[in-house]
Amino acid sequence: MATLEKAVVKGLAEDKGLYMPEQINKLPQSFFDNIEHLSFQEIAYNVAYAFFGDDVELDALKKIVYDTLAFDCPVVPVSDDIYTLELFHGPTLAFKDVGARFMARLLQYFLKKEGNGSEVNVLVATSGDTGSAVANGFLGVDGIKVYVLYPKGKVSPIQECQFTTLGKNITAIEVDGVFDDCQALVKAAFMDEELNKHMKLTSANSINVARFLPQAFYYFYAYAQMKKQGKADQMVMCVPSGNFGNICAALFGHAMGLPIKRFVAANNANDIFYNYLQTGEYRPQPSKATLANAMDVGDPSNFARIYDLYKGDHKAITSLISGATYSDDQIRQTMRQCFAETKYVLDPHGACGYQALKDLLQPGEVGVFCETAHPAKFKEKVDDILQTDIEIPQRLQEFMKGTKQSISMSKEFADFKKFLLSL
Ligand SMILES: *Cc1c(COP(=O)(O)O)cnc(C)c1O
C-alpha cells in the first residue's frame, strides 16, 4: 500500500510493478442524471475528487483541474452512427496534454507540501508525442527538472521542436538508438540504487498514475455531450491504443459508473492485445513500425492494470472490450474512404478507431472513437495518402521557430548514468 503522493513522486513501485488505486469510488447517480448540464471542468473536478479527494485539499485539487483543462474536447459527427471525440485541442495538440499538465501540477503540489526544497527529476522516453506533451506540461514548473529521451532521427521534425526548443527546466537528450533503447535507459535508471540515492527520479510515462488517470475526464465529458443529444443510451467507445494508458483510464471511468455500453481497443499491426482477447494468452512481441507510430508498442505497459482491474478474468474482459487490428494498407484505405464519403480528415491513429467501429458496431448502437492526433502532426503522411495540403495550426508553427538544443547520448547505460550523476 502507498499514498497517492508516493505513487506520483516515485512513479514505479518498489517491486517495479505499477501502482493501482486501492479502491475505485463510484460516482453518485445524481451526477450522471445531471451530467449534460455540466462543463468539462466541472465534470472533471467531480471525477478527480473521486480519485484524489482523500489525498489533496479540495481547493488545490479544483485549481489543478481547472488549470489543466483550459481547452475543449468536442464530440463531432462523422457519419450517422459514428462520432469522433477530438482529443487534440490541447497546447501540443496531443491527448497526452491532459495527463502531463495534471501530473506537473499535482507533483508541484506535493513538493510544496513537503516543503523541504527537494527537487524531482522527471525522466521520460518518447517516440514523439509523449515528450512534447510532458515537456510543455512541465515547462517552468518550480522544483521539477525534465529529461526527455528520444531516438535520433526517429521523431518527426514538428515533434522534435516541441521538446528541443523550450529550454528552462526541460532538457532534450538525443539517443543514438531506437525508442526501445530510450525506454531501456529510463528503466535502468529507475532500477539503479546509486542513482536513486543521488537524486529523486520519477516517470512521466503512462506508468505514472497521475499521467494516465486524468485521461478519464475525456470519457465522462464525451458521454455528457452524447447524452445532451439523446445518443448516449447504447454508446460504444473506441480507443486507438498503444501502451493502453488511454483506454485504461476509460475503463476506470466505467468502473466508477460511467454508463458506456462497451469498449473497442483498436490496434495497428501491433496486435498483442487483440491476440490476448482471442486466445486468453498475453504474448509480448518486438514492436513493428507502422503508419500509426504512436501505437507501435509490443508490450503495452498498462495491460497489467487492465488485467488487474478485472482480476485476470478473460471472460469479463472480452465481454466488455473487443479488439481490432489494421495493417498500414487498411489504414490508408480507411483514410481515403472516410475522406471521400464524409470529408473528415483522419490521421493514421484515428483511422484505426473509425474502421473498428465500422466493422464492429451493432444495430442500435452509437459509436464514438477517439481522434488521438491532429492530422497536421502527420502532415507528410496524410497529404500523401489523401492528396491534400492540410494546414498546420498556428500553435504547431510557433514551436518550429525556436532553436534546437539537445544533448547527444549513446545508448549505453553507463554514459546516461554518468550524465545523471553529474547533475
Ligand atoms: C500515445 C498515443 C496513442 C496511444 O495511446 P496509449 O495510451 O499509449 O494507448 C494513440 N495515438 C496517438 C496519436 C498517441 O500519441
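Helix H16 passes helix H18 in a right-handed crossing, meaning that the near helix is turned clockwise from the far one by less than a right angle. Helices here are DSSP runs (H or I, at least four residues), numbered from the N terminus. The model is predicted, so local features need pLDDT of at least 70 and side-chain atom pairs count only at pLDDT 80 or more, while totals for chains, interfaces and linings use all residues. Residues are numbered from 1 along each chain as its sequence is written, and side-chain values use heavy atoms, with hydrogens and water left out.

The axes of H16 (residues 328-342) and H18 (residues 379-386) come within 9 Å and cross at roughly 65°; they are lines fitted to C-alpha atoms over the stretch in contact, with angles running from 0 to 180 degrees between N-to-C directions. That makes the pair roughly perpendicular (65 to 115 degrees). On the H16 side, Arg332, Met335, Arg336 and Phe339 meet Val382, Ile385 and Leu386 of H18, contact being heavy atoms within 4.5 Å. Sorted by class, this contact has 5 nonpolar, no polar and 2 charged residues.

Now for the second largest pocket, which holds about 630 Å³ of space. Its lining runs to 27 residues, with Ala2, Leu4, Met20, Pro21 and Glu22 the closest to the centre. Helix H1 (4-10) and helix H3 (40-52) are the elements that give two or more residues to this lining, and H3 gives the most, with 4 residues. By class, the lining of this pocket comes out at 16 nonpolar, 5 polar and 6 charged residues.

Notes:
Parallel < 35°, antiparallel > 145°, perpendicular 65-115°, else oblique. Nonpolar A, V, L, I, M, F, W, Y, C, P; charged D, E, K, R; others polar. 1 Å grid on protein atoms, 1.4 Å probe; cavity = no way out; pocket = protein on both sides within 12 Å on 5 of 7 lines; lining within 4 Å. Points joined across faces, edges and corners; volume = space filled by probe spheres on them.
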